[in-house]
Amino acid sequence: MRYIYADNSATTAISPTVLEKMMPVLTEYYGNPSSLYRIGGKAKEILENSRENIAKNLGAANANEIYFTSGGSESDNWALKGVCRALKAKGKKHIITSKFEHHAILHTCQTLEKEGFEVTYLDVYENGIVHPEDVENAIREDTAIVSIMYANNEIGTIQPITEIGAICKKHKVIFHTDAVQAAGYVKINVQEQNIDMLSMTAHKLHGPKGIGLLYVRRGIRLENLIDGGAQERNKRAGTENVAGVVGLDAALQEAVDTMDERREHLEKLRDRLIDGLLKIERSRVNGDRVHRLPGNVNMCFEGIEGESLLLRLDMNGISASSGSACTSGSLDPSHVLLAIGLPHEIAHGSMRLTFSAELTDEDVDYMLEVIPQVVTYLRNMSPLWEKIKKQEAQEALNK
């Protein structure tokens with residue numbers, strides 16, 4: 001039986017190139033970068049070389065604008081809590097974000113609301129795109145920060161980040177973007193796009209888990225999230241994960257070098273798969289078909305439960321998901337799908353397929369064979385599907 005790993009938005013396999021570059025740091029240059037002896041000095045040199053290379057690949061003006069973290073969730077928490085708590089004394093107590101952000105942003109906003117901050121949650125339209133004019137209309141004198149994700153982690157829609165960045169710059173409001181899903185898949189230049197803060201992580205682009213970064217434009221003041229040491233220029237305590245940083249650097253570099261080739265390959269196969277799956281009765285693709293990540297397919301099939309669909313696909317060698325891996329234990333429908341206007345009963349029948357560059361034409365052929373069969377199998381056992389068909393028959397008689 002063919003096996004297809006189709007949950008790369010949850011995590012990715014580490015690249016052999018990345019692992020190769022990490023190994024010397026794990027086995028030979030393993031010293032603490034804060035130490036004064038030779039092996040620590042070598043680790044510090046490696047750390048700072050990677051910081052400089054990452055800064056260049058993100059278009060940052062200075063390597064010291066890169067702060068290493070444990071991953072995207074920490075970076076998101078630090079960006080919002082750090083800025084808002086720093087600006088609270090100046091009366092800046094308003095946050096703008098969208099309704100379909102990752103929970104690392106939404107739950108952080110809820111925490112800040114308990115601290116007296118007010119949050120505007122912008123609507124997301126049926127195509128899964130935030131409108132820049134809505135951002136501008138929501139900005140107030142007391143707005144501290146705007147945080148809009150670069151690409152949605154469930155439906156893969158790419159947001160108009162450059163336009164939003166220009167609006168924030170015009171109104172002198174700090175702009176943060178969660179680029180966890182976008183980094184390495186779309187071209188990012190924080191200076192040209194007026195991005196003041198950016199979160200990313202390594203394990204979404206074939207790097208190691210447990211390492212990420214927060215880009216902070218020079219001049220932005222933010223309070224510390226983690227205290228206890230002088231690392232990261234006194235801003236983030238904890239012994240630096242040098243091997244992880246090297247892995248992040250190598251993964252981002254490899255992604256940047258192969259971006260155009262991967263995008264062309266994946267877009268072609270993605271579109272063929274979507275076109276084939278849309279032939280299934282009462283199916284729909286979620287989010288804009290053009291402004292979306294190249295390896296993202298998010299579909300809904302009426303009359304079935306997403307959990308049952310995923311289990312049957314797994315039995316057939318296809319590893320998929322119904323949305324964010326961070327909420328995979330929840331039985332509630334995706335907040336992203338509800339945000340773009342889907343009713344609960346349709347949102348429950350969702351499936352997310354996210355691919356790496358290893359996807360082949362034969363893989364697409366196999367999925368186009370298996371997925372319709374599984375949908376039919378589940379619908380044959382579904383009281384909801386039976387109800388839908390009865391309603392269809394009744395409507396036909398009434399015409």
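This is a predicted model: local features need pLDDT of at least 70, side-chain atom pairs count only at pLDDT 80 or more; totals for chains, interfaces and linings use all residues.
Is Y67 buried or exposed? Its relative accessibility is 13%, so Y67 counts as buried, the cut-off for that being under 20%.

Now look at the two rings. A pair of aromatic rings is described by the distance of the centres and the angle of the planes. Searching the whole structure turns up one aromatic pair. Here the ring centres of Y67 and W78 are 5.7 Å apart and the planes stand at 75°, so this pair is edge-to-face; the label needs an angle over 60 degrees.

Next, colour strand β2 (residues 66-69) and helix α3 (residues 72-87). Y67 belongs to the strand and W78 to the helix, so their pairing ties together parts that are 11 residues apart in sequence.

What sits over the ring of Y67? That would be the charged end of R233, 4.2 Å from the ring's centre.

For another charge over a ring, jump to R379 and W385. The charged end of R379 sits over the ring of W385, at 3.9 Å from its centre.

Last stop: the surface. Select I14, L19, M23 and L26, and you have a nonpolar patch of about 320 Å². Click on L19, which you'll find in helix α1 (residues 16-27). L19 has a relative accessibility of 38%, so it counts as partly exposed; that class runs between the 20% limit for buried and the 50% limit for exposed.

Technical notes
Residues are numbered from 1 along each chain as its sequence is written. Side-chain values use heavy atoms; hydrogens and water are left out. Patches are made of residues with over 30% relative accessible area and no salt bridge: like charges are joined within 9 Å, nonpolar side chains (Val, Leu, Ile, Met, Phe, Trp, Tyr) within 5 Å. Accessible areas come from the Shrake-Rupley method with a 1.4 Å probe; for residues, only the protein chains shown count as cover. A salt bridge is a side-chain nitrogen of Lys or Arg within 4 Å of a carboxyl oxygen of Asp or Glu. Helices (H or I, at least four residues) and strands (E, at least two) are DSSP runs, numbered from the N terminus. Buried means under 20% relative accessible area, exposed over 50%, partly exposed in between (1.4 Å probe, protein chains only). Rings of Phe, Tyr and Trp (its six-membered ring) pair if their centres lie within 6.5 Å; planes under 30 degrees apart count as stacked, over 60 as edge-to-face and the rest as tilted. A charge sits over a ring if NZ of Lys or CZ of Arg is within 6 Å of the ring centre and within 35 degrees of the ring normal.
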